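Please consult the sequence and the coordinates alongside the text.

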Amino acid sequence: MRDAEKAHEDQYFAKRDRALLQKLKADVKGQQRPTLGEAGSMLCPKCGERLVTKEHLQVTIDECPACQGIWLDKGELEQLAHRENAGWLARYLGRSR
Ligand SMILES: [Zn+2]
């Protein structure tokens with residue numbers, strides 16, 4: 001009984017994952033422009049506003065025009081900290097360690 005339930009669950013997730021993958025593929029197909037397309041923009045996790053991509057010290061960051069939040073991935077943060085070695089960001093990161 002348990003195995004059957006588990007199998008059913010696996011099937012459900014496999015199905016769902018496939019649907020998600022198909023959606024992702026469709027999304028990627030739809031935005032093949034190399035420029036930063038409107039459709040490809042991320043939405044702010046805080047307020048849902050469309051993030052604006054900006055380049056700061058050769059590092060691309062996503063900025064929210066509504067709440068002024070700045071979103072970047074770990075690599076980008078480290079790149080920024082490295083470049084702004086004497087800056088506030090490096091100090092902030094140094095303190096948090
Ligand atoms: Zn926001």
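Gln 68 is exposed, with a relative accessible area of 54%; exposed denotes a value over 50%, buried one under 20%, and partly exposed the range in between, with a 1.4 Å probe and protein chains only. This residue lies in the loop between β2 and β3.

The model is a predicted one, in which local features require pLDDT of at least 70 and side-chain atom pairs pLDDT 80 or more, while totals for chains, interfaces and linings use all residues. Residues are numbered from 1 along each chain as its sequence is written, and side-chain values use heavy atoms, without hydrogens and water.

**Overall architecture**

The chain contains 3 helices and 3 strands, where helices (H or I, at least four residues) and strands (E, at least two) are DSSP runs numbered from the N terminus. Along the sequence these elements follow the pattern α-β-β-β-α-α. Of the 97 residues in the chain, 18% are buried. Among contacts (heavy atoms within 4.5 Å) with a separation of 6 or more, 13% join residues 24 or more positions apart. The chain exposes about 8,400 Å², and carbon and sulfur atoms supply 54% of that area; accessible areas come from the Shrake-Rupley method with a 1.4 Å probe, and for residues only the protein chains shown count as cover.

**The sheet**

The 3 strands form an open antiparallel sheet in the order β1-β2-β3. Since β1 and β3 stand at the edges with a single partner strand each, one side of each is left without a neighbour in the sheet. Two strands are taken to pair if DSSP finds at least two bridges between them; β1 and β2 pair in the antiparallel sense over 5 bridges. Within this pairing, Val 52 stands opposite Glu 63 of β2, and His 56 has Val 59 in β2 as its bridge partner. The hairpin of β1 and β2 has 2 residues between the strands, and Leu 57 there takes a positive phi near 50 degrees.

Glu 63, in strand β2, is buried, with a relative accessible area of 19%. Beyond its neighbours within four places in sequence, Glu 63 contacts Leu 51, Val 52, Lys 54, Gly 69 and Ile 70. Its side chain makes a polar contact with that of Lys 54 at 3.3 Å; such a contact is a pair of N or O atoms within 3.5 Å, one within protein being able to donate a hydrogen and the other to accept it, and residues adjacent in sequence count only if both atoms are side-chain atoms.

**The zinc site**

| Donor residue | Donor atom | Distance to zinc |
|---|---|---|
| Cys 44 | SG | 2.3 Å |
| Cys 47 | SG | 2.3 Å |
| Cys 64 | SG | 2.3 Å |
| Cys 67 | SG | 2.3 Å |

The spacing of these residues in sequence is C-x2-C-x16-C-x2-C. Cys 44 lies in the loop between α1 (2–30) and β1 (52–56) and Cys 67 in the loop between β2 (59–63) and β3 (70–71), so the pair ties together parts that are 23 residues apart in sequence. Angles among the 4 donor atoms are 101 to 122 degrees, and the site is tetrahedral, a term for four donors with all angles between 85 and 135 degrees. Cys 44 is buried, with a relative accessible area of 5%, whereas Cys 67 is partly exposed at 29%.

Conventions:
Donors = N, O, S within 2.8 Å, 3.2 Å for Na, K, Ca; no water. Tetrahedral: all angles 85-135°; square planar, octahedral: opposite > 155°, others 65-115°.
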